[in-house]
Structures are given as C-alpha cells and as structure tokens.
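Open the model in your viewer and keep the sequence panel beside it. The stops below say what to select and what is there.

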Amino acid sequence: VETVLNALGGVHESCVLQIRLPNRLLAYAAAVVADRDVEIAAVKAHLARHLHPHEVPGSIFKVDALARNEGGKILRRETAALIEERFGEVRPAPRAA
C-alpha cells in the first residue's frame with residue numbers, strides 16, 4: 001500500500017497504520033507527507049485504481065512529517081500519536097503476540 005501511495009506525484013512518503021477505532025474495531029489508516037496541492041480525494045482515487053478495495057486504508061491523513069528514530073526508521077506508534085494530536089483520537093492497535 002505504501003509503495004502505491006508513494007508512487008503518486010506529490011506524495012513524498014507514507015506510513016500505513018493499523019488503528020483501533022472508538023468502537024474497538026480495527027482499521028487501517030495512512031499518514032501521508034505530500035505537497036500542499038495534493039488532495040485526499042486524489043489519493044483515495046489513486047489507491048482505488050491500483051489496489052483491491054479491501055487494501056485501501058479507511059482514513060488518510062496528511063501530515064508534515066512522519067516520526068522517525070535516529071536511524072531513520074519510521075516510528076508507527078509516534079506517527080499515530082501525531083495523527084491523534086492533529087485529528088482526534090486514533091490509537092495504534094496492539095501487535096499480535
């Protein structure tokens with residue numbers, strides 16, 4: 001999914017997260033670092049053209065940057081916290097044991 005997101009012109013990087021919704025269901029969301037003129041509707045349309053419907057994240061959020069550690073690895077939990085801070089309650093789902 002991230003490869004398809006990053007192939008869209010104007011998208012610089014992305015991160016797909018599994019999140020727990022307020023109703024306790026799990027869902028996928030994408031955090032996207034993109035140019036100002038890139039619209040969420042265009043991102044969703046691009047994904048719909050290239051992925052199966054069940055692969056398209058339910059929510060897409062434009063962010064200024066993805067959280068990274070010193071080695072450059074994307075920190076998914078911290079990226080989810082950035083989304084939550086900007087857009088409301090979003091929590092990464094716990095990883096399966």
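The tour goes from the whole chain to one helix, then to the cores and a loop residue.

This is a predicted model, in which local features need pLDDT of at least 70 and side-chain atom pairs count only at pLDDT 80 or more, while totals for chains, interfaces and linings use all residues. Residues are numbered from 1 along each chain as its sequence is written, and side-chain values use heavy atoms, with hydrogens and water left out.

**Whole chain.** Start with a cartoon view. The protein has three helices and four strands, in the order α-β-β-α-β-α-β from the N terminus. Helices (H or I, at least four residues) and strands (E, at least two) are DSSP runs, numbered from the N terminus. Of the 97 residues, 34% are buried; buried means under 20% relative accessible area, exposed over 50%, and partly exposed in between (1.4 Å probe, protein chains only).

**Helix α2.** Select residues 40-50, which form α2. Which residues of α2 are buried? They include Val 43, His 46 and Leu 47. These lie on the same side of α2, because they cover an arc of only 95 degrees around the axis; the arc is that of the directions from the helix axis to the C-beta atoms. Turn to the other side of α2, where Ala 41, Ala 48 and Arg 49 are exposed.

**The largest nonpolar core.** A nonpolar core is a set of buried Ala, Val, Leu, Ile, Met, Phe, Trp, Tyr and Cys residues joined through side-chain atoms within 4.5 Å. Select Leu 5, Val 11, Ala 30, Val 32, Val 43, Leu 47 and Ile 60; of the 13 residues in the largest core, these touch the most other members. At least two residues each come from α1, β1 (11-20), β2 (26-34) and α2, and β2 gives the most, with three.

Center on Val 11. Apart from neighbours within four places in sequence, Val 11 is in contact (heavy atoms within 4.5 Å) with Leu 5, Asn 6, Val 32, Val 33, Ala 34 and Val 38.

**The second core.** Select Leu 17, Ile 19, Leu 66 and Ile 83, which are among the 12 residues of a second, separate core.

**Pro 57.** Finish in the loop between α2 and β3, where Pro 57 sits. Is Pro 57 buried or exposed? Pro 57 is buried, at a relative accessible area of 4%. Beyond its neighbours within four places in sequence, Pro 57 contacts Val 1, Tyr 28, Ala 29, Ala 30 and Leu 47.
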